[in-house]
Every structure is written in C-alpha cells, then in structure tokens.
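This report goes through one protein model, from a helix face to the nonpolar cores, the aromatic rings and a strand pair. Please keep the sequence and the 3D view open while reading.

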Amino acid sequence: MKRRQQWRIGTAAALLAVVLGLAGCDPQRIGELEEGVSTEADVRARFGEPENIWDVPNGRVLEYNRQPQGQKNYMITIGADGKMSALRQVLTSENFAKVQPGMMMEDLRKLLGKPAKVTPYALRRETEWEWRWVQPPSSPMVFTATLNDDQRVVRSGSSPDRSTEAN
C-alpha cells in the first residue's frame, strides 16, 4: 500500500513538473516574436500548428489553445504581408465582458478560443463551455458560457476554479 502511495505521489509530482515546464515555455516563445517583424513561419516554429485559423480582413488569426491544462489562449494575427501584427492572450475579464446573451457560438469561439470543457445538458437543451483563466494577480477562475439549442449564449459568468483547491 505504501509503495502505491509513493508511486502516486511521484507520478503526480512528475506530471506537475511537466505542466509547469510547458507553462514556462510560452513567455520564452512570445519573447522571441516581434510584431511587424516575425513571420507566420516564425510563429509556427515557436508555437507549432494552430488549433484553428480564422480569416479576418487583411489577414488571418492563428488560435493557440492552452486549455484544459493551461489558463491561457493566444490569438496571433498575421497580416496580409505575412508578418505578425498582434499577439493576444484572450482569456481576460475585458473579453469576458464582451460575451453577451444572443452571441453566436462561432463569435464566442473566435473571441476566446477553444474551451477547456464542453458539457451538454440534454434535458435543459443547453451546453456549457468552460475556460480556465487567472484573474490578476493570481486567482484561478473558470469562465462559463451557456449556449442554447440555437447555439447562442443565454448566460455567462466567472467563478473560482475549485479544481485547483487541495483535496
């Protein structure tokens, strides 16, 4: 029994180290990119293949999702000239304030990126999308948007991330 407990603790510690190591990579990768100079090839070399690509006027947006393990999602805009014009971490209280009842699912996805968790509630005919994020300075939170059968937001809000609390 004791050996199994030690194995679990060791495995959990190793997993935590990997997750923290990956989280530490983003600032380094971001620091290597420069708006107006870095190309799409530079972005892909540092971040890999995007989760999604959104066409926008005069360019496109590459979505780099860090959910469900991370607490950030990045949208990197590539201009018509092939150079990076913006790099944004989109899981912010300012962006959550833009989520309003009636908003279409596709617009929600373009604003916040892929959610960490999608939970359908068939009897209520609703689906909850959740994103993990950090409210400054360091409060782990979950933002939830509830969509109806028409794939429109009916309500949204943030609450403390209970999954980060000790058992």
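## Helix 4 and its buried face

In helix 4, the residues Leu 108, Arg 109, Leu 111 and Leu 112 are buried, where buried means under 20% relative accessible area, exposed over 50% and partly exposed in between (1.4 Å probe, protein chains only). Helices (H or I, at least four residues) and strands (E, at least two) are DSSP runs, numbered from the N terminus. Viewed down the axis of helix 4, its buried residues fall within an arc of 165 degrees, so they line one face of the helix; the arc is that of the directions from the helix axis to the C-beta atoms. An α-helix has 3.6 residues a turn, so residues three or four places apart point the same way. Gly 113 follows helix 4 and has a positive phi, near 85 degrees.

This is a predicted model, in which local features need pLDDT of at least 70 and side-chain atom pairs count only at pLDDT 80 or more, while totals for chains, interfaces and linings use all residues. Residues are numbered from 1 along each chain as its sequence is written, and side-chain values use heavy atoms, with hydrogens and water left out.

The protein chain has four helices and eight strands, in the order α-α-β-β-β-β-α-α-β-β-β-β along the sequence. Of its 167 residues, 32% count as buried.

## Nonpolar cores

A nonpolar core is a set of buried Ala, Val, Leu, Ile, Met, Phe, Trp, Tyr and Cys residues joined through side-chain atoms within 4.5 Å. The largest one has 19 residues, and those with the most contacts inside it are Leu 91, Val 99, Leu 108, Leu 112, Trp 131 and Phe 143. Helix 4 (105-112), strand 6 (126-135) and strand 7 (139-148) each supply at least two of its residues. Strand 7 gives the most to this core, with four residues. A second, separate core of nine residues includes Phe 47, Tyr 74, Ile 76 and Met 84.

Which residues does Val 99 touch, not counting those up to four places away in sequence? They are Leu 108, Leu 111, Leu 112, Phe 143, Val 153 and Ser 156, with contact meaning heavy atoms within 4.5 Å.

## Aromatic rings

Rings of Phe, Tyr and Trp (its six-membered ring) pair if their centres lie within 6.5 Å; planes under 30 degrees apart count as stacked, over 60 as edge-to-face and the rest as tilted. By this rule there are six aromatic pairs. The rings of Trp 131 and Phe 143 have centres 6.1 Å apart and planes at 45 degrees, so this pair is tilted. Trp 131 lies in strand 6 and Phe 143 in strand 7, twelve residues apart.

| Residue | Relative accessibility | Class |
|---|---|---|
| Trp 131 | 0% | buried |
| Phe 143 | 3% | buried |
| Tyr 121 | 30% | partly exposed |

Tyr 121 lies in strand 5 (residues 117-121). Leaving aside neighbours within four places in sequence, Tyr 121 is in contact with Glu 126 and Glu 128.

## Strands 7 and 8

Strand 7 and strand 8 (residues 153-160) pair in the antiparallel sense over seven bridges; two strands pair if DSSP finds at least two bridges between them. Thr 146 has Arg 155 in strand 8 as its bridge partner. Their hairpin has four residues between the strands, and Gln 151 takes a positive phi near 60 degrees there.
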